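Dear colleague,

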Amino acid sequence: MEIRFADCAFDAERRQVFRDGQEVHLSRKAFDLLGILIASQPRVVPKSELLERLWPQTFVVEGNLANLVAEVRQALHDDPSSPRFVRTAHGLGYAFCGPLPSEEYPPTLPPADCWLLFREGRVPLGRGEHLIGRSSKSVVPIDDRTISRHHARIVVGDEVTLVDLGSRNGTYLNAERVSAPRVLRHGDRLAVGSLLITVLMPDSMDATTAHGSQATEDAERDH
């Protein structure tokens, strides 16, 4: 799914970047850098973190990172003196500062037992087991070396359960590291590496909407 910002678009799944409707070329690491910054917005990502994620377990000089930032800016026609998309936090790192579409929940969802909502799109989950990780079998497309190939599993049955699969960097539910199976609720926030996921339960959304509508009708009758 494309993420649009101003006259540009970023498609993580197809690994494409567009400006004014035309595809622009980015090297693999420059593309990964842009993806990390977009996923981390509005956080300033420290240079040390970017170096580790782009060149894991490899020593490189900071100049290599600066070259990638320059490549991204050139591709997006972004002026470093007046940035629209990538700003420099001097002495610290970089942040994505471009406008992104609203992250509000979609007003309606097609039928599914559970939905995972993340910046690049949304994924429906039916009953069964669903893998999250860098594996090609993951229900969420992930290309991030800080995330294990088999990082976590979501099991959809009478309840929706989250299980960490012994991942190196952990799975977090509402900012708390998962150490045992946890039951998921509507609106829960998951963190898998840099990937942030919101859990949506259509039945809960329908109940909330119905309750709100009834409350509005009651209030109108009282007046």
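**How two helices meet**

Helix 1 and helix 2 lie oblique to each other, and the angle at which they pack is about 130°, with 11 Å between their axes. Please keep in mind that this is a predicted model. The crossing of helix 1 over helix 2 is right-handed, and the residues that make the contact are Lys 29, Asp 32, Leu 33, Ile 36, Leu 37 and Ser 40 from helix 1, together with Leu 50, Arg 53 and Leu 54 from helix 2.

Two of these residues, Leu 33 and Leu 50, belong with Leu 34 to those that have the most contacts inside the largest nonpolar core, which holds 30 residues. Strand 1 (2-5), strand 2 (8-11), helix 1 (28-40), helix 2 (47-54), helix 3 (62-76) and strand 7 (93-96) each give two or more residues to this core, and helix 1 gives the most, with seven. Leaving aside residues up to four places away in sequence, Leu 33 touches Leu 50, Leu 54, Leu 65, Leu 68, Val 69 and Val 72.

Another core, of 23 residues, lies apart from this one and includes Leu 116, Val 140, Val 160 and Leu 195. Leu 116 also has a bridge partner in strand 9, namely Val 123, and strand 8 (residues 114-118) pairs with strand 9 in the antiparallel sense over five bridges.

There is also an open sheet of six strands, in the order 9-8-17-16-13-14, with antiparallel pairing. Strand 9 (121-125) and strand 14 (176-177) are at its edges with a single partner strand each, so one side of each has no neighbour in the sheet.

With best wishes

Note on methods. Residues are numbered from 1 along each chain as its sequence is written. This is a predicted model: local features need pLDDT of at least 70, side-chain atom pairs count only at pLDDT 80 or more; totals for chains, interfaces and linings use all residues. Side-chain values use heavy atoms; hydrogens and water are left out. A nonpolar core is a set of buried Ala, Val, Leu, Ile, Met, Phe, Trp, Tyr and Cys residues joined through side-chain atoms within 4.5 Å. Buried means under 20% relative accessible area, exposed over 50%, partly exposed in between (1.4 Å probe, protein chains only). Helices (H or I, at least four residues) and strands (E, at least two) are DSSP runs, numbered from the N terminus. Contact means heavy atoms within 4.5 Å. Two strands pair if DSSP finds at least two bridges between them. Axes are lines fitted to C-alpha atoms, for helices over the stretch in contact, and angles run from 0 to 180 degrees between N-to-C directions. Angles under 35 degrees count as roughly parallel, over 145 as roughly antiparallel, 65 to 115 as roughly perpendicular and the rest as oblique. A crossing is left-handed if the near helix is turned anticlockwise from the far one by less than a right angle, and right-handed if clockwise.
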